[in-house]
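Thanks, everyone. Please have the viewer open.

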Amino acid sequence: MTRTHMPPVLVTGATGRIGRGVIDQLVGAGVPVRALTRRAEAAATLPAGIEVVTGDLTVPASLDEALRGTSAVFLLWTVPPTTAAAVVDRLAAHTRRVVFLSSPHRTPHPFFQQPNPMAVLHAEIERLIAATGLESTIVRPGMFASNASVWWAPAVRAGDVVRWPYGAAETAPVDDRDIAAVAARTLYQDGHAGRDYVLTGPESLSQAAQVDIIGNILGRPIRFKELSPDEFRSETEGKAPRPAVDMLLTAWGATMGRPAFITSAVSDILGVPPRSFPQWVADHVDAFERDPIPST
């Protein structure tokens, strides 16, 4: 079904994993898309036939032209919080609806209740949106399945051991494609205004079990080597921000001994089950293939 009569939907974060996925879903549904990028040359990486505009969330005045005439905005915040209030004011002046990619900081599960600067920022943006009276939908993905490629793929490509803390800590990884599909659906489908959706994968899996799944799909064993929190801090020194490392360690530690929080939101909205973690790995197996041995 095409919806070419609709005013365009503005997608921020258009060249990132989720933003690009939202664009692809909207294009597939026949929804006119306007993609916001900070660099004009990024247009070459986006689908043909969509409108690409330049603008920057850190310069709110640069958004006015991009927002003009839009039916809805997908808001993905990737910059410091300084300009959040001014950006939300501009959204309210130019459009009637916003779908905000937030986090599950309201979810009563210990994994999501640890101190987290990003959650504080998300809560403030949600407050700003609510104060404007905009129609809004809040989309709250839990642990991204794609974190596995960031965290574990380098070790898997290089050998057969993943050194990581809290192997027994359970999460329910959600596929980026499901996140994008839900966000897109709530941008053009009626009935989602005022709703708040926590998105998870279908299954609670320990971190060690996730590593086992990667090995099984690759056809070779991958061992999980348990690190203490202090060992993990030492191994990530200079590679990851210390506040992010401490936040993850606290969250994993808090969830030990209990299953991950799981919702039916993906299947409720899309009408199909969420993709499983094994399916995500199988579809991204190239990220984990062994590095080629240099020729001598």
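Predicted model: local features only at pLDDT ≥ 70, side-chain atom pairs only at ≥ 80, totals over all residues.

Helix α1 is followed by Gly30, and the phi of Gly30 is positive, near 75°. Tyr166 sits in the loop between β7 and β8, the latter being residues 170-171.

Residues are numbered from 1 along each chain as its sequence is written, and side-chain values use heavy atoms, with hydrogens and water left out.

Back to α1. Its twelve residues should span 16 Å at 1.5 Å a residue, and the end C-alpha atoms are 17 Å apart, which agrees. The expected span here is 1.5 Å times one less than the number of residues. Which residues of α1 are buried? They are Ile18, Gly19, Gly21, Val22, Ile23 and Leu26. Buried is under 20% relative accessible area, exposed is over 50%, and partly exposed is in between, with a 1.4 Å probe and protein chains only. The cover over these residues of α1 includes β1, β2, β4, β5 and α7.

Val22 and Leu26, along with Phe74 and Leu199, have the most contacts inside the largest nonpolar core, which has 36 residues. Elements giving two or more residues to this core include α1 (17-28), β1 (9-11), β4 (72-75) and α7 (176-188). The largest share, eight residues, comes from α7. By nonpolar core I mean a set of buried Ala, Val, Leu, Ile, Met, Phe, Trp, Tyr and Cys residues joined through side-chain atoms within 4.5 Å. Leaving out residues up to four places away in sequence, Val22 touches Val11, Phe74, Ala180, Ala183, Ala184 and Leu187. A contact means heavy atoms within 4.5 Å. There is also a second, separate core of 29 residues, and Phe111, Ala148, Ile213 and Leu249 are among them.

Leu249 takes us to α10, residues 242-254. At 1.5 Å a residue its 13 residues should span 18 Å, and the end C-alpha atoms are 18 Å apart, so the two agree. Buried in α10 are Val245, Leu248, Leu249, Ala251 and Trp252. These cover an arc of only 165° around the axis, which puts them on the same side of α10. The arc is that of the directions from the helix axis to the C-beta atoms. What do the buried residues of α10 pack against? The partners are α5 (147-151), β7 (161-165), α8 (207-218) and α9 (229-236).

Next, a helix pair. Two packed helices are described by the angle between their axes and the distance between the axes. For α3 (residues 84-94) and α4 (residues 117-132), the angle is about 35° and the axes are 10 Å apart. Axes are lines fitted to C-alpha atoms, for helices over the stretch in contact, and angles run from 0 to 180 degrees between N-to-C directions. The crossing of α3 past α4 is right-handed, meaning that the near helix is turned clockwise from the far one by less than a right angle, and left-handed would be anticlockwise. In this pair, Ala84, Ala85, Val88 and Ala92 of α3 meet Ile125, Leu128, Ile129 and Thr132 of α4.

Now the single residues. His94, also in α3, is partly exposed, with a relative accessible area of 25%. Not counting residues up to four places away in sequence, His94 touches Asp64, Leu67, Arg68 and Thr70.

Last, Ser146 lies in the loop between β6 and α5. Ser146 counts as buried at 4% relative accessibility. Setting aside residues up to four places away in sequence, Ser146 touches Arg17, Asp176 and Trp280.

Notes. Helix = DSSP H or I, 4+ residues; strand = E, 2+ residues; numbered from the N terminus.
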